[in-house]
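Biologist: I am new to this structure and would like to learn how its features are read. Could we go through them together, one at a time?

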Amino acid sequence: MPVTPAHERTLSQISLADFTTWKVGGPAEWFAEPASGEELVALARWALTEKLPLRLIGAGSNLLVSDGGLAGLTLCNRRLQGSVIDAASGLVEAQAGEPIPTLARKAARAGLSGLEWAVGIPGTVGGAAVMNAGAQGGCTADWLQEVTVLDPGRGDGPFVLQASELEFDYRHSRLQAEPLLVLSARFRLSSGHDPAEISRRTSANLSSRTSSQPYQQPSCGSVFRNPEPRKAGQLIEQLGLKGLALGGAMVSPIHANFIVNTGGASAADIEQLIRLVQQRVFSVHGIELHTEVKRLGDFPCGVA
Ligand SMILES: Cc1cc2nc3c(=O)[nH]c(=O)nc-3n(C[C@H](O)[C@H](O)[C@H](O)COP(=O)(O)OP(=O)(O)OC[C@H]3O[C@@H](n4cnc5c(N)ncnc54)[C@H](O)[C@@H]3O)c2cc1C
């Protein structure tokens, strides 16, 4: 059967607002959702040959994409789903596009403990590895064993990086600084637990989050990193900034570290509100808030 060339599997001028949970962002010059690891590798090679900038996104749940959109090729891996779970050993192999809540549920049903915290994080396995996503006392680094990655700048194939090579820290990994594409991840979870009990803990974690965070409106979760030992949300709330709005962007009245899109927000609205909150917090508390959310594209006033 003839194989379709990579460039024929791309679309042009696709709105990235449809691929971010904030529902903002301009068009991708070129866009594709590879359905297999091989297709992803072929598309990355095409971008290399054409000298196009390349980036891979997951569920877009930690992204602020500029209104001007993105030059080059944007790949979204949400079609690269699936996982293999060995309940006896606790080993879990997951494709990078597998939603991390789906994986958490599957692990719970297999009697595997470790990912109960992940159920409320609307990202992918790849995004969780890049961000060292975590919540409610757990994080990706606690359970990840290795990732299979592709370096799109090199012509060779995928290779494995051990967790010890990923420089995990609070919401940080080496994968944020290097242009490596995560294709899959392997976790070692704790086996032999009662599936009903793990599922109950997983569900309890989800309901405690949905009752305290604005899950009904488009957001990217926590906008700012916590300036440990302080909590960004508390610093913002103490200044009475809940409900502060700029265009269609608003500091959530439910959780001050969330900025929600109340309808029709632009990326510029969100960016300006981020800067306003940073300025207010700095002027009163003398603390610089740094963003957890990743910006893609050009933001005229620079990046904090
Ligand atoms: C309602 C809500 C609640 C949230 N709660 C939490 C929380 O409790 N804890 C937490 O840590 N986060 C939370 N988040 C933020 C977000 O879900 C996490 O950061 C998540 O890990 C991002 O995954 P993603 O697949 O959406 O990545 P994206 O947002 O698509 O991408 C994030 C970054 O990772 C890169 N990337 C993604 N996939 C790959 C890949 N396969 N290979 C290489 N690079 C890749 C992207 O290029 C980008 O730089 C929340 C978000 C929302 C909307």
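Modeller: Let us begin with a helix: α2 (residues 100-109) lies across β6 and β7 and runs at about 25° to β6. Helices (H or I, at least four residues) and strands (E, at least two) are DSSP runs, numbered from the N terminus, while axes are lines fitted to C-alpha atoms, for helices over the stretch in contact, and angles run from 0 to 180 degrees between N-to-C directions. This is a predicted model, in which local features need pLDDT of at least 70 and side-chain atom pairs count only at pLDDT 80 or more, whereas totals for chains, interfaces and linings use all residues. Residues are numbered from 1 along each chain as its sequence is written.

Biologist: In what order do the strands of the open sheet of five strands stand?

Modeller: Two strands pair if DSSP finds at least two bridges between them. Here the order is β6-β7-β12-β10-β11, with antiparallel pairing, and the edge strands, β6 (83-86) and β11 (159-162), each pair on one side only. Within this sheet, four bridges join β6 to β7 (residues 91-95), and Val84 has Glu93 in β7 as its bridge partner.

Biologist: Which strands make up the open sheet of four, and which of them stand at the edges?

Modeller: The order is β1-β2-β5-β3, and the pairing is mixed. Because β1 and β3 stand at the edges with a single partner strand each, one side of each is left without a neighbour in the sheet. The pair β1 and β2 (residues 27-32) is antiparallel, with four bridges, whereas β2 and β5 (residues 70-76) pair in the parallel sense over four bridges, and Trp30 has Leu73 in β5 as its bridge partner.

Biologist: How many of the five residues of strand β1 are buried?

Modeller: A residue is buried if 20 or more other C-beta atoms lie within 10 Å of its own, exposed if 12 or fewer, and partly exposed in between, with C-beta atoms placed from the backbone. In β1 (residues 11-15) the number buried is zero, so the strand lies largely in the open.

Biologist: Which residues come nearest to the ligand?

Modeller: A residue is near a molecule if its C-beta atom, placed from the backbone, lies within 6 Å of it. Of the 33 residues around the ligand, Gly58, Gly123, Gly126, Gly127 and Gly221 come nearest. The elements that give two or more residues to this shell are β3 (54-57), α3 (125-131), β8 (134-135) and β12 (181-188), and α3 gives the most, with five residues.

Notes. Contact = placed C-beta atoms within 7 Å.
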